[in-house]
Amino acid sequence: MSRIGRKPIELPAGVTVLPEQSAVVVKGPKGTLRVAIPEGISVEKQEGRLVTLRHNDNQSALHGLVRSLMSNAVRGVTQGFEKHLDIVGIGYRSEVKGQTVVFTLGYSHPIEFPIPEGLSVSVEKLTHLVVRGTDKQKVGQAAAEIRGLRPPDPYKNKGIRYAGERLKKKVGKAAAAASGTPK
């Protein structure tokens, strides 16, 4: 069994944790995050560390989940999170206009993607995007939605992909026929 819920969370300088009725508010230099705490789980501050406690063994799965969410909140308000995306394809590009990102992805029209509140999107070299924010879930969701605008094509690998993502390129019909593969 995993023991993630028992690991204490180190609190860096400048981070304050305020417990509420069914949530914990984490404040830091980059912003404020609110983490919901389910019934049966409590968060305590001990010697400059955060410790999550469960009241009975029925909440063992939630225990580790709450600890991970609290750890992500502490990291988010101190360092922040970011996802890097690359745009691959001839004529594919993006640019930021106000609170929207405008994509040219080979469709007959440009695609406008509104930047969610609390996040920032920067475009470097027209084909490299960086999504930044304090909330790990929002950053990941926005990056997934941007990738979903034009997922990588399995035959030519054109589209939007995460930086460092490895794709398997499929062989087309002509290449398969030339190699003598039976139909």
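Modeller: The model is predicted, and local features need pLDDT of at least 70, side-chain atom pairs count only at pLDDT 80 or more, while totals for chains, interfaces and linings use all residues. Residues are numbered from 1 along each chain as its sequence is written, and side-chain values use heavy atoms, with hydrogens and water left out.

Colleague: How do you know that the chain is more spread out than a compact globule?

Modeller: The chain holds 3 helices and 13 strands. Its radius of gyration is 22 Å, well over the 16 Å that the globule rule gives for 183 residues, so the chain is more spread out than a compact globule; the radius is taken over C-alpha atoms, and the rule is 2.2 Å times the number of residues to the power 0.38. Along its principal axes the C-alpha trace spans about 65 × 45 × 25 Å, and buried residues account for 33% of the 183 residues.

Colleague: Why is the contact of Arg-49 with Glu-10 called a salt bridge?

Modeller: The term requires a side-chain nitrogen of Lys or Arg within 4 Å of a carboxyl oxygen of Asp or Glu. In this pair the closest N and O atoms are 2.7 Å apart, so the contact qualifies. The pair links distant parts of the chain, with Arg-49 in strand β6 (residues 49-54) and Glu-10 in strand β1 (residues 9-10), 39 residues apart. Both partners are partly exposed, Arg-49 at 36% and Glu-10 at 48%.

Colleague: How many salt bridges are found in the whole structure, and what makes Arg-34 exposed?

Modeller: The search finds 5. One of them joins Arg-34 to Glu-20, with the closest N and O atoms 3.3 Å apart; Arg-34 is in strand β4, Glu-20 is in the loop between β2 and β3, and 14 residues separate them. The relative accessible area of Arg-34 is 57%, which makes this residue exposed, whereas Glu-20 at 42% is partly exposed. The side chains of Asp-57 and Arg-54 meet in another salt bridge, at 3.5 Å from N to O, with Asp-57 exposed at 59% and Arg-54 partly exposed at 25%.

Colleague: Why are β2 and β4 said to stand at the edges?

Modeller: The open sheet has 3 strands in the order β2-β3-β4, with antiparallel pairing, and two strands pair if DSSP finds at least two bridges between them. β2 (16-19) and β4 (31-36) each have a single partner strand, so one side of each is left without a neighbour in the sheet. Strand β3 (residues 23-28) is joined to β4 by 6 bridges, and Val-25 has Arg-34 of β4 as its bridge partner.

Colleague: What makes strand β12 mostly covered, and which strands are joined to it?

Modeller: In β12 (residues 128-133), 5 of the 6 residues are buried. Strand β7 (residues 81-88) is joined to β12 by 6 bridges and runs antiparallel to it, with Leu-85 opposite Leu-129. Strand β11 (residues 119-124) is likewise antiparallel to β12, over 6 bridges, and Ser-120 has Arg-132 as its bridge partner. β11 and β12 form a hairpin with 3 residues between them, where Lys-125 in the turn has a positive phi of about 60°.

Definitions and conventions
Helix = DSSP H or I, 4+ residues; strand = E, 2+ residues; numbered from the N terminus. Buried < 20%, exposed > 50% of the residue type's maximum accessible area, 1.4 Å probe, protein only.
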